[in-house]
Amino acid sequence: MSSSSCKSNLWRQLAFLAAGPLLCLILKDMPPPSGLTEHGMVCLAGCAWLLVWWMTEVLPLPVTSLMAVPIFAFLGVMEPGKVFSFIGHPAMMLIFGATIIVGVWKESNLIERYAYWCFNLPFIRSNPVRMILVFTLGAGLMSAIAPNIPLVILFISISVAVVRSCGLSPENNLTRSLCTLSGIAPMLGGMGTPLGGAPNIIVIAIVSTTLGHDISFWEWSSLGMPLCLIIMLCCFLITSCLFPVGKDGVSIPEDYMKKKMASLGPVSMYEHVAIWIMVVSLILWCFGPQLFTALGMADIGRMLTAPVVALLMGAAAFLVPVRRDEESGRLVFAMNWEQAVRNIGWGIIVLQIGAIAFGQVLLDGGVDKWAARGIQTLLGDVPDVCVWGALVILTGFLSQIILSLAIIPLMIPITVGLAQLYGFDPLLACLSVGFVSNLTTMFPFSSVAVAIVMTGSEGYARSRDFIWSGLLNTTAVTLLVFAFCYFLGPSILALQ
């Protein structure tokens, strides 16, 4: 990098560092607008400071979240002890346990085996169109129960290996399809279950704070998984239209996929344990309370919330033996502390502390209600369906230019406020806004997944492909999510 570019980056960073506190001080000393108290104005000023630093990524995101402690303490809107008390929030338990469960899959290489197994299915038979379909479904559905970023890394590695083995150029449509899907499919599929990504956990945490309702694994997944399947098919169709692979006459070498699968060897005991830990977790998440109530143990059933199940099954991984060490003779378990430290989402946990504090300060200052009333005045007397739809579409497109982790604490409280004013279902509205907050698919500056693909594709990925594909997917997905939640959501949640 040239010295002029280094100086430019330095001045840009310094400018953004100064912009946060400067905006805070300006807002803090301004007279509050109608409907907002002086305390609410101070709360808005503190949140604006955090939001600027989150949006510009002037500091690592977890570091910015930690800044909530001194910023809110300095402004007198929240004591440091209360900020740190959010570490006991149920969402933290969910992250802690779920990342251990998924860590067992990663440590046992089960995720890699699953990916190559998909490509060895007889259904593909060297057909590039079918391969794109399986690639889309495989990456999307896996991301519903596993963190997005490791999957993006895995699938872009697979994509590069496939296009190299086929001798394809970056301009080839199969290359373009695989590279864009490596970043887009895991992000879209992440809405399937609460385990699909950090935005989901933060949505659950903020909804718990604003609505006083703890979203269960089943509530989220009963809407998220059908949507995930529909959206994956939609993503496949959009990719097929943008980059039609049929006309290229590409032949996929079957031997390459078979060799990769063979190199993994037979399924190990470790992998079997990883499967069963996830299976039991999913059963307890979906049906635990009902099963224990049917067995006459209703008290235990009521305890089996999604965070408790995640923590119990994560702890169980430390107790399930997978083999015996030949040198020491000691048992080796599915998870040890060194592996846990490597896999637990510490950064996500710190991010959530800041996000929950951000949302709580907005609530304490009445900023959410003030913003909701302002939007209501701006919109006037319009049907509730238009307001709800506008919130979903706005969140979906804002997520393309602003980090989801900054949007969610802002949009969820506003969504709740508008739902109460216009009379639509606040829980379904928050879920729909939470679903589309996963749509970071267009630009590397707002999407870690796109940045990983651009840097890990070894020159095969093209940024303009993400812009066009991301634009079409965002448009289609926001409309699908809104229609699904508005028309079918009440009936689906009523079945629980």
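Helices here are DSSP runs of at least four residues, numbered from the N terminus. The model is predicted.

**Exercise 1. Find what accompanies the buried charge of Glu219.**

Solution. 
Step 1. Glu219 sits in helix H12 (residues 217-242).
Step 2. Glu219 is buried and has no salt bridge. The nearest side chain of opposite charge is that of Arg302, 16 Å away. A salt bridge requires a nitrogen of Lys or Arg within 4 Å of a carboxyl oxygen.
Step 3. Look next at the backbone. A polar atom of the Glu219 side chain lies 3.0 Å from the backbone nitrogen of Ser216.

**Exercise 2. Trace the salt-bridge network around Arg462.**

Solution. 
Step 1. The structure holds 7 salt bridges. Side chains of opposite charge can pair when their charged atoms come close.
Step 2. Glu171 and Arg462 form a salt bridge with an N to O distance of 2.4 Å. This pair links distant parts of the chain, 291 residues apart. Glu171 is in the loop between helix H9 (148-166) and H10, while Arg462 is in the loop between helix H23 (448-456) and helix H24 (463-494).
Step 3. Arg462 also meets Asp465 in a salt bridge, at 3.3 Å, N to O.
Step 4. Assign the accessibility classes. Glu171 has a relative accessible area of 49% and is partly exposed. Arg462, at 10%, is buried, and Asp465, at 4%, is buried.
Step 5. Through shared partners, salt bridges join Glu171, Arg176, Arg462 and Asp465 into one network.

**Exercise 3. Describe the salt bridge between Asp29 and Lys28 and the exposure of each partner.**

Solution. 
Step 1. The side chains of Asp29 and Lys28 meet at 3.8 Å, N to O. The cut-off is 4 Å, so the pair counts as a salt bridge.
Step 2. Asp29 has 60% relative accessibility and counts as exposed. Exposed means over 50%.
Step 3. Lys28 has a relative accessible area of 34%, which makes this residue partly exposed.

**Exercise 4. Which strands pair as a hairpin, and what is found in the turn?**

Solution. 
Step 1. Strand E1 (residues 321-324) and strand E2 (residues 331-333) run antiparallel and are joined by 3 bridges.
Step 2. Pro321 stands opposite Phe333 in E2.
Step 3. The two strands, E1 and E2, form a hairpin with 6 residues between them. Gly329 in the turn has a positive phi of about 80°.

**Exercise 5. Examine the backbone of Asn109.**

Solution. 
Step 1. Most residues other than glycine have a negative phi.
Step 2. Asn109 is not a glycine, yet has a positive phi of about 65°.
Step 3. Asn109 lies in the loop between helix H6 (90-107) and helix H7 (110-119). At 41% relative accessibility, Asn109 is partly exposed.
Step 4. Continue into H7, where Arg113 is found. Arg113 is buried, with a relative accessible area of 9%. Between Arg113 and Ser432 there are 33 Å, C-alpha to C-alpha, and 319 residues in sequence.

**Exercise 6. Identify the polar partner of Asn343.**

Solution. 
Step 1. Asn343 is in helix H17 (residues 337-343).
Step 2. Asn343 is buried, at a relative accessible area of 10%.
Step 3. The side chains of Asn343 and Lys106 are joined by a polar contact of 3.2 Å.

**Exercise 7. Which residues make the nonpolar surface patch, and which helix gives the largest share?**

Solution. 
Step 1. The patch covers about 680 Å² and is made by Trp218, Ile275, Trp276, Val279, Val280, Ile283, Phe287 and Leu291.
Step 2. Helix H14 (residues 269-294) contributes the largest share, 7 residues.
Step 3. Check one member against the patch cut-off of over 30% relative accessible area. Ile275 lies in helix H14 and, with a value of 31%, is partly exposed.

Definitions and conventions: Residues are numbered from 1 along each chain as its sequence is written. This is a predicted model: local features need pLDDT of at least 70, side-chain atom pairs count only at pLDDT 80 or more; totals for chains, interfaces and linings use all residues. Side-chain values use heavy atoms; hydrogens and water are left out. Buried means under 20% relative accessible area, exposed over 50%, partly exposed in between (1.4 Å probe, protein chains only). Lys and Arg count as positive and Asp and Glu as negative; His and the chain ends are not counted. A polar contact is a pair of N or O atoms within 3.5 Å; within protein, one must be able to donate a hydrogen and the other to accept it, and residues adjacent in sequence count only if both atoms are side-chain atoms. Two strands pair if DSSP finds at least two bridges between them. Patches are made of residues with over 30% relative accessible area and no salt bridge: like charges are joined within 9 Å, nonpolar side chains (Val, Leu, Ile, Met, Phe, Trp, Tyr) within 5 Å. Accessible areas come from the Shrake-Rupley method with a 1.4 Å probe; for residues, only the protein chains shown count as cover.
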